[in-house]
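Have a look at the structure first, then read on.

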Amino acid sequence: YLEKLENAKFDSEYLQKIKGIFDKVARYKKSYESTDASKILHTIIPNLFVMWDNKIREGILGKENKKKGSMYALNFLPKMQKELLEVIDTCMKEEKMERDAAVSFIRQKCGNESLPKLVYELNYCIFTKPNEFKDYLVKINDNGELSNDVFKRLSKKLSEVEG
């Protein structure tokens with residue numbers, strides 16, 4: 001069956017299976033390719049796996065070399081689920097919607113991408129392209145295309161990254 005990140009029950013056994021699969025995919029070449037593994041797994045199960053790169057790993061886990069399946073399964077993926085659940089909860093409250101409607105609303109507003117892809121895109125903006133993202137936020141905020149709450153929340157995330 002195809003699990004969704006927002007519904008996954010990350011018990012120990014399940015996370016160990018993800019770790020094992022991740023490590024097997026990452027070792028498909030002579031070297032260990034964790035960025036490639038995250039992208040391959042996302043392509044196979046786009047509603048569960050979140051992609052990452054060196055900058056995202058460093059931003060989320062503290063060091064880019066924390067790239068093994070254990071770090072992905074036990075640390076990164078549960079953190080991404082927590083972030084996603086916060087987004088869904090915020091949407092439910094702000095738009096006064098039930099959970100399924102909020103998930104559909106978020107996806108529709110963002111090109112109908114899978115939620116893990118949207119999490120990746122946000123991470124990419126924050127950790128890989130923070131300056132460009134900050135400029136973009138200021139521009140759309142100045143144009144009135146962004147609520148003050150959302151602008152403040154994203155600006156706070158960026159300032160935490162900048163340290």
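By class, how many nonpolar, polar and charged residues are in the lining of the second largest pocket? There are 8 nonpolar residues, 2 charged ones and no polar ones. Keep in mind that what you're looking at is a predicted model.

**The second largest pocket**

This pocket has a volume of about 170 Å³. It is lined by 10 residues, and those closest to its centre are Tyr14, Ile21, Ile45, Leu48 and Phe49.

**The largest pocket**

Now for the largest pocket, which comes in at about 1,500 Å³. Its lining takes in 38 residues, and the ones closest to the centre are Val87, Leu122, Val150, Arg153 and Leu154. Several helices each give two or more residues to that lining: H3 (54–61), H4 (69–95), H5 (99–109), H6 (115–128), H7 (130–142) and H8 (148–162). H4 gives the most, with 11 residues. Sorted by class, the lining has 23 nonpolar residues, 12 charged and 3 polar.

Ile40 is part of helix H2 (residues 34–44). Its relative accessibility is 33%, so Ile40 counts as partly exposed.

**Salt bridges**

The structure holds 8 salt bridges.

| Salt bridge | N to O distance |
|---|---|
| Lys17 and Glu13 | 3.6 Å |
| Lys19 and Asp23 | 3.6 Å |
| Glu83 and Lys157 | 2.9 Å |

Let's begin with helix H1, which holds both Lys17 and Glu13; they sit 4 residues apart, or about one turn of the helix. Glu13 is exposed, with a relative accessible area of 54%.

Lys19 and Asp23 are also in helix H1, and because they are 4 residues apart, about one helical turn separates them. Are these two partners buried or exposed? Lys19 has a relative accessibility of 26%, so it counts as partly exposed. Asp23, on the other hand, is buried, because its relative accessible area is 8% and the cut-off for buried is under 20%.

Next comes the bridge in which the closest N and O atoms of Glu83 and Lys157 are 2.9 Å apart. Which parts does this pair tie together? Glu83 lies in helix H4 and Lys157 in helix H8, so the bridge ties together parts that are 74 residues apart in sequence. Glu83 is partly exposed, with a relative accessible area of 28%. Lys157 counts as partly exposed too, at 25% relative accessibility.

**Putting the helices in context**

H4 and H8 are joined by the Glu83 and Lys157 pair, and both are among the helices that give two or more residues to the lining of the largest pocket.

Notes. Residues are numbered from 1 along each chain as its sequence is written. This is a predicted model: local features need pLDDT of at least 70, side-chain atom pairs count only at pLDDT 80 or more; totals for chains, interfaces and linings use all residues. Side-chain values use heavy atoms; hydrogens and water are left out. On a 1 Å grid over the protein atoms alone, a cavity is a set of points where a 1.4 Å probe fits but cannot get out, and a pocket is an open set with protein on both sides within 12 Å along at least five of seven lines; lining residues have an atom within 4 Å of a point. Grid points are joined across faces, edges and corners, and a volume is the space filled by probe spheres set on the points. Ala, Val, Leu, Ile, Met, Phe, Trp, Tyr, Cys and Pro count as nonpolar, Asp, Glu, Lys and Arg as charged, and the others, Gly among them, as polar. Buried means under 20% relative accessible area, exposed over 50%, partly exposed in between (1.4 Å probe, protein chains only). A salt bridge is a side-chain nitrogen of Lys or Arg within 4 Å of a carboxyl oxygen of Asp or Glu.
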